[in-house]
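Have a go at each task before reading its solution.

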Amino acid sequence: MTTAHPDTHAEVYPAHFEPPPGTTRRIFFGPGLVRGAWMGALFFGLATLLVLVLRWWWSWDPVWHTEVVLAVAAMTAGPIGFLAGIGSFDYWLHYFVGRPTEPEDHSGHGARTWRDYFRVNTDHKVIGVQYLVTTFVFFAIGGLSAMFVRAELAQPGLQFVDSQTYNGLFSLHATLMIFLFVIPAFAGLANFAVPLMLGAPDMAFPRLNALSFWLLPIAGIMFVASFLAPGGAFGAGWTGYAPLAEGQPLGQTFFNMGVQWAGASSIMTALNFLVTIITMRAPGMTFWRMPLLVWANFTTSLLVVIATPFIAGSQFFVMFDRVLHTDFFTPEGGGYVLGYQHIFWFYSHPAVYIMM
């Protein structure tokens, strides 16, 4: 016998109940972290196999090239598989193949338990909380790496880590503080507050909003995981200057791809804010009646959309030099070394105003 919850009228099962048939199947194949884990592993395996087959087919030696395999499988295909597994693309895939889609009527919005914060959720308030909690987690990790740096500097010489690991800790601290805290923390606050200030029911693109959040932990994990790479973490600082970055260990490629994921998240979020602010203001709320926080988000989003593609391009060029043996920034091959600084700072100087 079941009873109804007084508020939601949902069925609540008594103790020692038998789970409904198909529960295990839904957990394994339904959208969520479990499906995300096995789909991420599946995509990683398939991408690895594809790289090995192509390198063998084209007679590239060696067939197994760790940096190429990790760049394609661990840093690209694996995260895409995870995103597909947690349900980030379900609506669009259903629409693409002609299957029925669920209307966005906002009836399922909100978080009813703590588990809802670990799922794809299209409610702007839930996404705002997800953003803020995630950024503070990486803020703590970045602060901890700074403590290791200070401990190493307490006395002359090397006490705890070697020079490459020290450079990695220093670089990780700065990278997490900029790409995973200062910039996205305001996006979390704005996600929660801006639609409420505008009188809008939600962001203009709720599913894109959810996807933009889930790109962020992927970027952060990629930065931290660089310490597990052969040779050590990236040690060229948060600026990743070339040609210094091109002589770094494999962990530098983790930095290159982590910036891509964080940058994609920023661009998606900024576009969503711009469309929301321009098209979803309540009747009577002109631009000159918007609160200052909304204005700040509007101008910030403009900077992000204009400038962020440039840092993405700079990191792609460095990764191409490292993995595909191009010569964008290598002087030996005729590359333009100062070109990296021009491209990078076209983003990073506006980033100062994004923070402000």
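Helices (H or I, at least four residues) and strands (E, at least two) are DSSP runs, numbered from the N terminus. This is a predicted model, in which local features need pLDDT of at least 70 and side-chain atom pairs count only at pLDDT 80 or more, while totals for chains, interfaces and linings use all residues. Residues are numbered from 1 along each chain as its sequence is written, and side-chain values use heavy atoms, with hydrogens and water left out.

**Exercise 1. Check the span of helix H2 (residues 33-57), then look just past its end**.

Step 1: The expected span of a helix is 1.5 Å times one less than its number of residues. With 25 residues, H2 should span 36 Å, and its end C-alpha atoms are 36 Å apart, so the two agree.

Step 2: Move on to the residue just after H2: Ser59 takes a positive phi of about 60° there.

Step 3: Now find the buried residues (under 20% relative accessible area, with exposed over 50% and partly exposed in between; 1.4 Å probe, protein chains only). In H2 these are Arg35, Gly36, Met39, Gly40, Ala47, Thr48, Val51 and Arg55. The buried residues of H2 pack against helix H1 (23-29), H3 and helix H4 (90-97).

**Exercise 2. Describe how H3 (residues 66-86) packs on H8 (residues 251-279)**.

Step 1: Axes are lines fitted to C-alpha atoms, for helices over the stretch in contact, and angles run from 0 to 180 degrees between N-to-C directions. The axes of H3 and H8 come within 10 Å and cross at roughly 30°.

Step 2: Angles under 35 degrees count as roughly parallel, over 145 as roughly antiparallel, 65 to 115 as roughly perpendicular and the rest as oblique. H3 is therefore roughly parallel to H8.

Step 3: List the contact residues (heavy atoms within 4.5 Å). H3 gives Glu67, Leu70, Ala71, Met75, Thr76, Pro79, Ile80 and Leu83, and H8 gives Thr253, Phe254, Met257 and Trp261.

**Exercise 3. Work out how H3 and H7 are oriented**.

Step 1: The two helices pack at an angle of about 140°, with their axes 11 Å apart. H3 and H7 are therefore oblique to each other.

Step 2: On the H3 side, Ala74, Met75, Pro79, Phe82, Leu83 and Ile86 meet Leu211, Trp214, Leu215, Ile218 and Met222 of H7.

**Exercise 4. Is Gly231 buried or exposed?**

Step 1: Gly231 lies in the loop between helix H7 (206-225) and H8.

Step 2: Its relative accessibility is 60%, so Gly231 counts as exposed.
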